[in-house]
Amino acid sequence: MERKKLIKLRGEKTRPYVAEHIGITPQMLGAIERGDRTPSLSLAKKIADYYEVSIDYIFFDDNRNKMFLEIDNVL
């Protein structure tokens, strides 16, 4: 995930504003933006939906050979 992509997508909106609309804390959003936390697949989808972009755009590197998500534990 490119940190710059998430920060660029957030633009002028505050971290608390975006976090509230996604349904997470501003601290969690900050950790994801910094690369300190990796979102679950369901959270990545919420983030991508909020910004109206694909999960691929945010969470795959430019060469599309690395994925930066944790798969939810789904049975």
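The protein chain holds five helices and zero strands; helices are DSSP runs of H or I with at least four residues, strands are E runs of at least two, and numbering starts at the N terminus. This is a predicted model, where local features need pLDDT of at least 70, side-chain atom pairs need pLDDT 80 or more, and totals for chains, interfaces and linings use all residues. Residues are numbered from 1 along each chain as its sequence is written, and side-chain values use heavy atoms, without hydrogens or water.

**Exercise 1. State the pattern of the chain and the share of its residues that count as buried.**

Step 1. Read along the sequence: the pattern is α-α-α-α-α.
Step 2. Apply the cut-offs: buried is under 20% relative accessible area, exposed is over 50%, and partly exposed is in between, with a 1.4 Å probe and protein chains only.
Step 3. Of the 75 residues, 33% count as buried.

**Exercise 2. Describe how H2 and H4 pack.**

Step 1. Two packed helices are described by the angle and the distance between their axes.
Step 2. The H2 and H4 axes come within 10 Å and cross at roughly 115 degrees.
Step 3. List the partners. From H2, Tyr17, Val18, His21 and Ile22 meet Leu43, Lys46, Ile47, Tyr50 and Tyr51 of H4.
Step 4. Sort them: seven are nonpolar, one is polar and one is charged. Here Ala, Val, Leu, Ile, Met, Phe, Trp, Tyr, Cys and Pro are nonpolar, Asp, Glu, Lys and Arg are charged, and the others, Gly among them, are polar.

**Exercise 3. Is Lys5 buried or exposed, and what does its side chain reach?**

Step 1. Locate Lys5: it lies in H1.
Step 2. Lys5 counts as buried because its relative accessibility is 12%.
Step 3. The Lys5 side chain reaches the backbone oxygen of Tyr57 at 2.7 Å.

Key: Axes are lines fitted to C-alpha atoms, for helices over the stretch in contact, and angles run from 0 to 180 degrees between N-to-C directions. Contact means heavy atoms within 4.5 Å. A polar contact is a pair of N or O atoms within 3.5 Å; within protein, one must be able to donate a hydrogen and the other to accept it, and residues adjacent in sequence count only if both atoms are side-chain atoms.
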